Amino acid sequence: MKCMLLSAGLGKRLRPLTHQTPKPLVKLAGKSLIEHHLERLAGAGYEEIVINLSYLGDQIKQQLQDGRRHGVRIEYSHEGEQPLGTGGGIIHALPLLGNKPFLVISSDIWCDHPLSFPELEQDMAHLILVDNPPHHPEGDFVYQSGKVYNTGKSFLTFSGIGVYTPELFRNRSTRQLALAPLLHSAVEQGHVSAEYYTGQWFDIGTAERLKQAEIFFSEAG
């Protein structure tokens, strides 16, 4: 299975760290966020990685090159000066992702999920959901018996880790587009499964949350 690392965002919430550094290259425990992902992906057996680029993207490409020193092969999806968003970025990268289900991970998270997933049969997506963090108490989706719902009780938060079929994105033009509306539409049709994951997960969207992740790593040794 191929994996796409979403890496084209502007990183506004992490400023001033991202004034001259793209968010995926911000360091956590002495290593850039995106290199944490590459190491975990390689360790889980993933070989083909697609990375989308926009804001300061040349720095990412210069740092990672073809991926060989991390044990993977990297292809880059160039979006231009304006990022296309989480959904638009995936649509733009579809020619590189192929015709089979693929994994997508937001580069501004860290999670110890083993990165193994069930086969997608009737579903268009399989999401990893986690407990709601303090900065997102309302959650995103309702989880029940392996399926995802838009309404109900006990919402959970989408972790930024999901497996998708190309069909979820087909027949849509490449433009600025968020992923969430596409997922909610597929959920409404009953085509999204999920796993409720209770391991370690950090959304590193702000300097304060980066500090919290640093504390975890220092205490973990």
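On a 1 Å grid over the protein atoms alone, a pocket is an open set of points with protein on both sides within 12 Å along at least five of seven lines, a cavity is a set of points where a 1.4 Å probe fits but cannot get out, and lining residues have an atom within 4 Å of a point. Grid points are joined across faces, edges and corners, and a volume is the space filled by probe spheres set on the points.

The model is predicted: local features need pLDDT of at least 70, side-chain atom pairs count only at pLDDT 80 or more, and totals for chains, interfaces and linings use all residues. Residues are numbered from 1 along each chain as its sequence is written, and side-chain values use heavy atoms, with hydrogens and water left out.

The second largest pocket holds about 250 Å³ of space. Its lining has 14 residues, and Pro-133, Pro-134, Trp-201, Phe-202 and Asp-203 are the closest to the centre. Strand 13 and helix 5 (207-220) each supply at least two lining residues; helices (H or I, at least four residues) and strands (E, at least two) are DSSP runs, numbered from the N terminus.

The largest pocket has about 920 Å³ of space. Of its 40 lining residues, Leu-6, Arg-13, Thr-86, Ser-106 and Asp-108 lie nearest the centre. Which element gives the largest share of this lining? Strand 11 does, with 6 residues. Among the other elements that supply at least two residues are helix 3 (85-97) and strand 13 (201-203).

The whole structure has 1 cavity of 30 Å³ or more, and the largest cavity holds about 80 Å³. Its lining includes His-37, Arg-40, Trp-110 and Ile-161. Helix 1 and strand 7 (109-111) each supply at least two of the lining residues.

Helix 1 also takes part in a helix pair. Helix 1 (residues 33-43) packs against helix 2 (residues 57-64) at an angle of about 45 degrees, with the axes 11 Å apart. Axes are lines fitted to C-alpha atoms, for helices over the stretch in contact, and angles run from 0 to 180 degrees between N-to-C directions. The two helices are therefore oblique to each other; angles under 35 degrees count as roughly parallel, over 145 as roughly antiparallel, 65 to 115 as roughly perpendicular and the rest as oblique. Ile-34, Glu-35 and Leu-38 of helix 1 make the contact (heavy atoms within 4.5 Å) with Ile-60, Gln-63 and Leu-64 of helix 2.
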